[in-house]
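Here is a short tour for a reader new to this structure. Take a look at the fold before reading on.

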Amino acid sequence: MSPLVLEKYAAQFRAENGFSNKESIHLKSLLHKLGVLAVFRPLEMDISGMAIKVGENNRFMLVNTARTLGHQHFTVCHELYHLFIQKDFSYHVCQVGAFNKKDKEEYNADSFASKFLIPEDGIRDLAPDEELEKSKLSLATVLKIEQYFSCSRKALLNRLYELKLIDKSQAEEYSHGVRASAINHGYSLKLYEKDNQSEVIGDYGDLARKLYERDRISESHYYELLEDLGLDFSDLGSNGDEKE
């Protein structure tokens with residue numbers, strides 16, 4: 001798939017979900033809206049995530065939170081390509097951001113994620129005119145864009161280089177000392193850290209409850225499923241009320 005076609009699909013997917021090509025996206029809210037069952041949890045496996053699609057209405061995404069928050073955001077957008085754009089998709093385990101042209105659909109997913117997460121119009125809107133005219137964005141501008149779109153430095157540098165807004169030497173220079181540069185410019189390090197959090201987005205809890213109410217699973221199994229959501233029942237009394 002050509003870069004222009006992927007750019008078009010990324011812009012269309014933004015528009016279909018109520019986003020312009022200049023604003024950042026709260027990705028977890030988007031997953032809720034799209035009805036994607038998404039599990040965020042730390043994994044020991046060296047993967048970014050995976051996606052599964054069954055029919056047209058059942059979509060599942062797993063995101064490894066043992067990666068930085070910026071990497072997780074790119075992973076979500078990568079998996080959205082598989083689940084909503086790619087034809088005849090069923091299942092794939094992903095290591096995102098490699099832009100490996102030997103794997104056509106993984107390359108397409110990386111390219112789509114880059115264009116969807118970090119739209120060109122948004123980049124140009126945030127960059128000073130004098131830097132755009134020289135096609136040389138400063139580190140301060142790179143950080144401003146990176147923080148606004150909540151993306152990893154690697155993903156942003158790839159995007160800026162693709163758009164010819166930085167050259168190869170700048171891309172190499174800005175790829176070093178990422179955390180230090182954020183601190184020096186007064187930004188939080190949250191984007192560059194692993195959060196190792198566990199969270200489930202979607203109707204997992206409702207599905208578990210329905211299975212229990214229909215006697216498809218036992219009460220103990222029902223609580224095991226809820227504990228997978230990170231719910232802790234140790235603080236609940238025997239009558240189901242919270243302990244004082």
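Which residues does N108 touch, not counting residues up to four places away in sequence? They are M1, L6 and Y81. The sections below set that residue in its surroundings.

## Confidence in the model

This is a predicted model. The protein chain has an average pLDDT of 87. Of its residues, 83% score at least 70. One stretch needs care: over residues 235-244 the pLDDT is below 50. In the model, this stretch has seven contacts beyond near neighbours in sequence. Where pLDDT is low, the predicted coordinates should not be read in detail.

## The chain as a whole

The protein chain has 244 residues, and 43% of them are buried. Its secondary structure consists of 12 helices and five strands. The chain exposes about 13600 Å². Carbon and sulfur atoms supply 48% of that area.

## The nonpolar cores

In soluble globular proteins, nonpolar side chains tend to be buried together. Here the largest nonpolar core has 49 residues. L31, M61, L80, F116 and I118 have the most contacts inside it. Helix α3, residues 69-85, gives the most to this core, with seven residues.

M61 shows how such a residue is surrounded. Leaving aside neighbours within four places in sequence, its contacts include L31, V36, L37, M50, V76 and L80. M61 also contacts E79 and L83. A second, separate core has seven residues, among them L37, L43, M50 and L62.

## Helix α4

Helix α4 covers residues 104-117. At 1.5 Å a residue, its 14 residues should span 20 Å. The end C-alpha atoms are 20 Å apart, which agrees.

Is α4 enclosed or open? The count of buried residues answers that: 11 of the 14 are buried, so α4 is largely enclosed by the rest of the structure. The buried residues include E106, D110, F112, K115 and F116. Their cover includes helices α1 (3-16), α2 (27-34) and α3. Strand β4 (91-94) and helices α7 (139-149) and α8 (153-162) are also included.

N108 belongs to this helix. With a relative accessible area of 3%, N108 is buried, because the cut-off for buried is under 20%.

## Aromatic pairs

The count of aromatic pairs comes to eight. In one of them, the rings of F13 and F84 have their centres 5.5 Å apart. Their planes are at 40°, so the pair is tilted. F13 lies in helix α1 and F84 in helix α3, so the pair ties together parts that are 71 residues apart in sequence. F13 is buried, at 5% relative accessibility. F84 is partly exposed, at 23%.

F99 and Y107 form an edge-to-face pair. Their centres are 6.1 Å apart, with 80° between the planes. F99 counts as partly exposed, at 24% relative accessibility. Y107 is partly exposed too, with a relative accessible area of 25%.

Ring pairs also build a cluster. They link F13, Y81, F84, F112 and F116. Y81 is one of the residues that N108 touches, and F116 is among those with the most contacts inside the largest core.

Note on methods
Residues numbered from 1 in each chain as written. Heavy atoms only, no water. pLDDT = per-residue confidence, 0-100. Contact = heavy atoms within 4.5 Å. Helix = DSSP H or I, 4+ residues; strand = E, 2+ residues; numbered from the N terminus. Buried < 20%, exposed > 50% of the residue type's maximum accessible area, 1.4 Å probe, protein only. Areas by Shrake-Rupley, 256 points an atom, 1.4 Å probe, with all protein chains shown as cover. Core = buried A, V, L, I, M, F, W, Y, C linked by side-chain atoms within 4.5 Å. Expected span 1.5 Å × (residues − 1). Phe/Tyr/Trp six-rings, centres within 6.5 Å; stacked < 30°, edge-to-face > 60°.
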